[in-house]
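Trainee: Could you walk me through the aromatic rings in this model?
Mentor: Gladly. Let us look at it together.

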Amino acid sequence: MPHPSPHRNPAATRRTVLAGAAAAGGAAVLPLAFASPAHADDLLLSTDFSTGTTEGWYARGAVSLSVNADGNLLVEGRTATWNGAAIDVTAHIEVGARYQLRVLMRLPSGTDAADLRTTVQRDAAGSTAYESVKWNTAVTPDAWTEFTGTYSITQAADKLQFYVESASSLTPVLVDNFTLTRIEEPEIQDLPPLKDVLECDFPIGCAVEPREVVGKPAELLAKHFAQVTTGNQMKPDAIQPTEGVFDFSKADPIVAFAEANGMRVWGHTLLWHNQTPAWWFQDAAGNPLQSTPEHRALLLARFEAHATAIAEHYGDRVWAWDVVNEVVDPEQADGLRHSRWYEVFGGGSYIGEVFKIARRVLPRKVKLFLNDYNTEFPDKREAVYNLVQDLKRGRIPIDGVGHQAHVDYKRDPQLLGESIDAFKRLRVLQTVTELDVSVSDFMEESLPATPPERLVAQGWYYKELFDVLRERARDLESVTMWGLYDAVSWLRTWPVSRPHEAPLFFDDRLQAKAAYWGVVDPTKLEPLPE
């Protein structure tokens, strides 16, 4: 099961915060969400094994469950990573509501550290899905580790089982203090909608999962945003998990919501080295594809079948597509990522070929983009620029470039502006596709809560960044946030558990932060901390 939204966010060049700024179809999982228990006031289910029994937990797979002398649930005898302990939560979960799932885990004395995780198995209408609640987190015998996440469903389920498992180890596990709490939903604030504030500049978009198109998150989404991107539901593994078997059930509810609320839809993504099923790169016998003319033709035929099915299903309801995602690597001599696509083709010739296929099968009005991260840095900017220039010279039908803009609150906003200016020379459309602003001082930083002064600094950063973007509004088709509110951000899970991360406009309680006011009305910001 792929980790939701596993985008890269490479180490970033840091700068000093400008002191002068102070004067200027399925289920919904919020991975590693760490919702605040202070607001989660409806406890529905809890177990602490104080009765000496398993208190409703049962074996999942070939395992043995027992309560030890310390009053902890011991899970042992595991023969597969998915073996563990499970508890049925079906009766407590309602469509559209949000819930916090919390449990403590530790390893028995004398065992090695291992990555554990918590998951929900959702069974509905004869199908089964496995949805991460808290992703892989290191656990040791030395102390209890808290696994907390938020969960919701968008459609009724026949059965929901919360369970503990591991990434690769078959270690025994100790479990304690499980709680299931319904989160009290706040009212959506009566604020100026972002889409109205930015209407004269560019459409403001948001990447979403199915969880954001029901309940209060859906209300927040419809109020503030004019465009949506499907975070994971249009990636290759979601659309075509098995060759020839296409599944649009996860993406369709998002598209339908967007259309019902007058929002444009951005497609993400047709080709990516990640979240692509293994069968794409295997022959009929299951052997790895080789760099031969036959296997190149096979890969292109598979891409054409994939893109054709999408075109037949969505037509021009999706107005633009990331045709290729993250194919550039400035550390390589030729500036290209050496993915399996690259290996089979012996280079980057496949990029032009898939653009030609996309242009042939998708409606003419649908725009075709190349999307990548770190385009604000000079080395990546140059590598992407050279690729797009070569495609244009070869008359490849590429319409535009997407700047992901996964930045941090100390990265110079002018860097992104310089990249937008540079690509104007190629006469391509441009868009910001995946904007978020990390509040971490370094990538592996993990704090229990967000330092308040960083949220203030982030508000000023958003002010400064949107000044840069608004100055270039004529050059931008849209600006899209990578997530609706902080609890759903991928930065909570990558590259380590980071419960302090708060990169978006709205907090875990769907309330506007300084980041929002930095865009809407900077006069409401507190002075920038020294």
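**Aromatic rings**

Mentor: Trp279, Trp280, Phe281, Phe303, Trp341, Phe345 and Tyr350 form one aromatic cluster. This is a predicted model: local features need pLDDT of at least 70, side-chain atom pairs count only at pLDDT 80 or more, and totals for chains, interfaces and linings use all residues. Residues are numbered from 1 along each chain as its sequence is written, and side-chain values use heavy atoms, with hydrogens and water left out.

Trainee: How many aromatic pairs does the structure hold?

Mentor: The structure holds 22. Rings of Phe, Tyr and Trp (its six-membered ring) pair if their centres lie within 6.5 Å; planes under 30 degrees apart count as stacked, over 60 as edge-to-face and the rest as tilted.

Trainee: Why is the pair of Phe248 and Tyr314 called edge-to-face?

Mentor: The ring centres are 5.5 Å apart and the planes stand at 85°, so this pair is edge-to-face.

Trainee: What makes Phe248 count as buried?

Mentor: Buried means under 20% relative accessible area, exposed over 50%, partly exposed in between (1.4 Å probe, protein chains only). Phe248 has 11%, so Phe248 is buried. Tyr314 has 2%, so Tyr314 is buried too.

Trainee: What kind of pair do Phe345 and Tyr350 form?

Mentor: A tilted one: 5.9 Å centre to centre, with 45° between the planes. Phe345 is buried at 9% relative accessibility, and Tyr350 is buried at 1%.

Trainee: Where does Arg117 lie?

Mentor: Arg117 lies over the face of Trp135, at 4.9 Å from the ring centre. A charge sits over a ring if NZ of Lys or CZ of Arg is within 6 Å of the ring centre and within 35 degrees of the ring normal.
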